[in-house]
Amino acid sequence: MKEKGLTEKEAKLRLQKYGFNEIKEIKLASPLKILLRQIKNNFIIYLLSVAMILAFVLGKNITAYTISAVICISVFVSFIQEYRAEKAIKALKEMIVPISVVIRDGKEKEIPSREIVPGDIILLRSGEKIPADCIVLEEKDLLVNEAVLTGESKEVKKKAVKNEKKYSEENMLFMGAFVINGKCVAKVVHTGMNTKFGKIAGMISETEKEMPLFKKTNKIAKYMVTVAIIFSILTGLVMILREPFPLSKEFLVNVLILIIALSVSAFPEGLPIVLITTLSVGAYRMAKKNAIVNRISTIETLGEVTVICVDKTGTITKGEMTVKKVFVNNTLFNISGSGYDAKGEFFFEGKKIKLEKEPVLELLIKTAVLCNDAKIERTGEDSIYKVSGMPTEAALLIMGAKAKIFREDLDFTRIEEIPFTSERKLMTVLCKSKKENYVFSKGAVEILLEKCKYIQRNNGVFRLTEKEKKKILKINKEMTTSMFRTLALAYKKTALSVKEHLEKDLIFLGIVAIEDPPREEVKEAIRLCKEAGIKVKMLTGDNKDTALAVAKEIGLSGKVMEGYELDKISEEELFAVVEEIVIFSRIKPEHKLKIVRALKRKGEVVMMTGDGVNDSPALKEAHVGVAMGKGGTDVAREVADLTLKDNNFYTVVEALKEGRTIFKNIRKFVSYQLSVNFAELSILFFGVLLAPFFGWAIPILVAIQILFMNLVTDDLPALTLALNPSSKDIMREKPRKEREILYRDLVKWMLVSSMLMLFFTLLSFYISFNILKKPTEYARTTALVTLIILEIVNAFNFRSFRKKVLTRSPLVNKWLFYASIASIVATLFVVYSLNKVFETTPIGIEGWLIALAAGFLIALFFDILKEINNKKRFFKLEF
């Protein structure tokens with residue numbers, strides 16, 4: 001490659017001139033904005049505004065000002081929640097920054113894609129997203145997908161330009177498209193809003209599909225609104241019917257304000273906002289554990305996953321590979337060292353060897369270095385290297401570095417290549433030296449061996465016999481059963497440069513054994529999955545023996561199916577046996593799609609991991625697609641629902657755990673909020689019905705008190721329930737079967753809670769008014785305090801539907817504890833300082849004893865109920 005690229009100084013000047021490579025005009029519709037359009041939050045503000053105006057008209061200025069304060073506080077709280085959600089989502093999007101490889105000052109360099117400027121020379125490979133409009137300078141088998149611009153997903157062939165000043169669309173790459181095959185060197189001509197993509201940005205709106213969770217909460221909200229309106233109007237009608245005619249204007253307005261306050265209180269306007277806050281904050285927590293959520297709607301599905309199909313390399317294993325053994329010239333050599341540190345020596349039977357005395361070994365290392373697309377560069381720390389490219393190829397370069405053999409020191413120029421594909425499992429390059437041309441190949445042992453006609457020894461080249469092939473395959477099997485990945489290498493001299501002849505009659509050199517040990521934490525992760533009722537299936541391109549050895553190490557056992565078997569059987573035959581197969585070896589990307597479809601037909605909820613271009617269909621087909629952050633392609637990340645920053649299988653399990661926790665918390669705060677709302681409706685309604693029998697004044701609670709509870713004691717605990725920590729045994733539960741937020745047994749539990757709050761609140765009013773003979777204001781204040789205490793205690797009841805409240809620390813959810821303290825402090829102000837505003841009166845010790853006794857009794861009742869239910873399972877709650 002002749003291109004030197006821009007200097008850093010030129011790049012900085014152009015960055016100042018053209019700005020960052022960004023599409024600024026595209027308005028990405030976040031779930032929050034979709035949500036706000038759906039729920040029309042202004043409806044509640046409108047109702048409160050009507051109540052405020054009516055209060056002003058009647059001269060009830062204190063009530064009017066109080067309602068206006070409620071409006072301001074409600075808007076402020078909504079703003080804070082939305083701001084936090086947007087902030088979390090924004091931070092999430094910035095977790096993975098697109099990187100591009102450019103040539104600056106004649107050297108390859110990785111930079112954030114947003115810093116690309118016109119004139120930059122960029123290198124693009126299969127799977128990468130094109131970061132700017134470019135012209136192709138050099139290419140090898142280059143195919144791109146321009147569906148983002150044209151809507152057509154067919155492959156488009158691109159050609160290198162002959163004259164940079166005269167080019168057409170076949171010489172151009174456009175921002176947003178993907179390289180799906182081959183590689184190229186390209187020159188940037190337009191960035192940001194000046195690209196073809198940027199120019200049509202005003203007509204593009206990218207929106208996430210409406211989340212099923214939002215549909216579910218909206219459905220719940222509609223039912224609750226219907227119930228609220230019916231109960232509110234009935235309450236108002238009963239009050240009107242009880243009042244002697246003619247009705248005063250003030251009475252009618254007071255009834256109307258009460259109906260509005262009751263409707264507002266029972267209307268679950270906070271549900272969707274708390275929902276998106278919970279999801280975005282939960283997604284941010286997952287990001288801190290290295291699982292980046294690409295689509296928030298995915299979180300709902302995580303708790304339902306029943307099968308994980310996981311790649312072995314880099315996910316189950318560390319992905320930091322090291323060549324440990326080399327078999328050449330009928331001799332097995334060992335290599336010391338590990339990782340990307342080039343400190344290491346070559347040994348035979350424990351003795352260090354001199355490389356110049358082993359010509360075949362030296363030739364094999366040169367072949368491994370030349371037939372290689374990875375790159376290494378010193379980090380400045382002794383012999384530690386920074387690598388870019390595939391881990392397998394990086395391991396070969398590090399082996400070369402240990403032998404002091406580097407690509408740039410070899411007098412070979414690559415003039416042709418046949419890239420590696422998962423279908424071929426081979427890579428071949430044609431290189432030109434001063435005197436003649438050479439072919440260098442590497443690939444799967446059994447496949448490359450079939451391409452070889454000869455074998456290289458120290459004393460010459462000999463014909464490769466069937467007996468020798470069997471011996472080589474036996475050596476290979478011994479290596480793979482010891483958990484090594486193996487690659488064979490071969491070469492030949494040639495006068496022909498036709499691709500069809502490059503991989504014929506090769507000279508076999510030997511085998512390299514690459515160590516890629518399983519991650520230490522994977523065994524525990526597999527155990528957790530088994531406990532959680534989640535089946536794990538390992539997918540690998542390695543052969544059967546290597547796959548079985550790794551599976552044994554991590555605690556996986558079961559039937560094995562190889563790629564060639566998958567090719568032979570039909571979809572119906574796979575459907576019949578897919579659940580029994582635990583390990584799939586020597587598979588191709590198209591096999592993954594076949595496996596996912598078979599599992600889905602079985603009714604499984606499938607999570608699939610992948611990193612390549614050809615993995616994209618399977619990732620898209622799976623219920624949850626997981627892409628790799630390290631070494632994964634842009635195409636895979638684009639279609640995936642999750643991206644793993646560390647490529648670690650344990651992170652997958654952490655994501656499942658967090659997803660389960662988030663959905664459980666959503667159920668808790670939804671069921672809690674609805675139980676409270678229904679209790680408030682019932683208290684007002686039944687209070688009006690019972691009033692004539694006990695001589696009570698109506699309403700039991702006035703409008704301004706209802707609004708206070710709605711703002712302080714309803715929403716705050718509900719929001720903090722969404723932040724409940726994960727239970728220790730959450731991964732011992734089976735995958736969630738109930739996909740609705742509310743289901744029959746949970747609704748029953750919720751109604752029990754509402755009826756108990758109704759009973760104890762009316763009982764507190766009865767004791768204060770009828771037994772203790774207190775005035776109506778006193779009894780009303782006692783009922784208000786009792787209901788607030790009941791709601792606070794009930795929030796602790798809803799933390800867990802298995803674990804008790806009275807024997808458990810209140811600090812399990814510290815945010816709920818703080819919210820409860822804040823609610824109690826606010827209640828004290830309302831009762832003792834702002835009593836004229838909220839129409840309360842200071843109560844004595846007997847009033848507080850009644851309220852606290854009610855709180856204790858409801859906690860005791862639910863503790864007993866939980867104890868019985870844990871044994872008898874009257875309520876089948878998925879908690």
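Where is Asn 330 found? Asn 330 lies in the loop between strand 10 (322–328) and strand 11 (331–335), where strands (E, at least two residues) and helices (H or I, at least four) are DSSP runs numbered from the N terminus. The model is predicted, so that local features need pLDDT of at least 70 and side-chain atom pairs count only at pLDDT 80 or more, whereas totals for chains, interfaces and linings use all residues. Residues are numbered from 1 along each chain as its sequence is written, and side-chain values use heavy atoms, with hydrogens and water left out.

**Figure 1. The whole chain.** The chain has 30 helices and 28 strands. Of its 879 residues, 55% are buried, that is, under 20% relative accessible area, while exposed means over 50% and partly exposed in between (1.4 Å probe, protein chains only). The chain exposes about 39100 Å², of which carbon and sulfur atoms supply 57%; accessible areas come from the Shrake-Rupley method with a 1.4 Å probe, and for residues only the protein chains shown count as cover. Among contacts (heavy atoms within 4.5 Å) between residues at least 6 apart in sequence, 72% join residues at least 24 apart.

Figure 2. Asn 330 has a positive phi of about 60° although it is not a glycine. Most residues other than glycine have a negative phi. With a relative accessible area of 45%, Asn 330 is partly exposed.

**Figure 3. A nonpolar patch on the surface.** Phe 693, Phe 694, Phe 759, Leu 763, Tyr 766, Ile 771 and Leu 772 form this patch, with about 670 Å² of accessible area together. Helix 24 (649–694) and helix 26 are the elements that give two or more residues to the patch, and helix 26 gives the most, with four. Patches are made of residues with over 30% relative accessible area and no salt bridge, like charges being joined within 9 Å and nonpolar side chains (Val, Leu, Ile, Met, Phe, Trp, Tyr) within 5 Å; a salt bridge is a side-chain nitrogen of Lys or Arg within 4 Å of a carboxyl oxygen of Asp or Glu.

**Figure 4. The loop between helix 26 and helix 27 (776–797).** Leu 772 is placed in this loop and is partly exposed, at a relative accessible area of 38%. Lys 773 is found in the loop between helix 26 and helix 27 as well, has a positive phi near 60°, and counts as exposed at 65% relative accessibility.
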